[in-house]
Amino acid sequence: MKNNRLMKNLGKAAVAATLLTTSVSPVLAATENKTEVKSNKTAAESSSKKTSSSESSKASSSSEASKSSSSAASSSSKKAAEKSTKKAAKKSTKKAAKDTKKSTKKAAKDTKKAAKTTKKSTKKAAKNTKKAAKTAKKSTKKASAKSTSASSTSSAK
């Protein structure tokens with residue numbers, strides 16, 4: 001007897017579940033028999049409870065999946081951030097190296113220029129010294145020649 005009732009209820013629950021999945025209201029489908037309407041309502045309620053528990057487990061598994069995907073996304077964003085940081089560091093290092101190279105070249109150029117200028121001024125100073133020595137020699141020669149000629153004229157008198 002219990003078995004018969006269970007089988008009836010199972011059959012009604014299956015019908016109600018089918019009606020729910022096909023979007024047909026169980027109340028409209030069974031308008032002829034009032035007891036059938038009541039049993040359909042309870043069957044629909046019990047099947048909706050069953051589906052809601054399975055849906056909630058599906059929802060929890062989907063929330064776990066979204067958590068794992070969000071953790072994967074955050075992991076990938078961390079990796080991307082690390083990659084961009086490394087890239088930026090590499091770029092700034094290259095730029096610093098280029099700037100250092102430029103400033104070193106400029107310093108070398110300036111040093112070369114200063115050395116050239118110093119060499120020129122040293123040469124000029126040496127020339128001027130030679131010139132002054134020549135002039136001094138000439139004037140010394142003239143002075144000695146004058147003094148010699150003055151002494152020879154005075155002795156002749």
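Lys95 lies in helix H3, which spans residues 34–156; helices here are DSSP runs of H or I with at least four residues, and strands are E runs of at least two, numbered from the N terminus. This residue is exposed, at 54% relative accessible area, where exposed means over 50%, buried under 20% and partly exposed in between (1.4 Å probe, protein chains only).

The model is predicted, so local features need pLDDT of at least 70 and side-chain atom pairs 80 or more, while totals for chains, interfaces and linings use all residues. Numbering starts from 1 along each chain, and side-chain values use heavy atoms, without hydrogens or water.

Overall, the protein holds 3 helices and 0 strands, in the order α-α-α from the N terminus. Of its 157 residues, 7% are buried.

Mean pLDDT, the predictor's confidence per residue from 0 to 100, is 74 for the protein, with 56% of residues scoring at least 70. Among the elements, H3 has the highest mean (78) and H2, residues 26–29, the lowest (52). Where pLDDT is low, predicted coordinates should not be read in detail.
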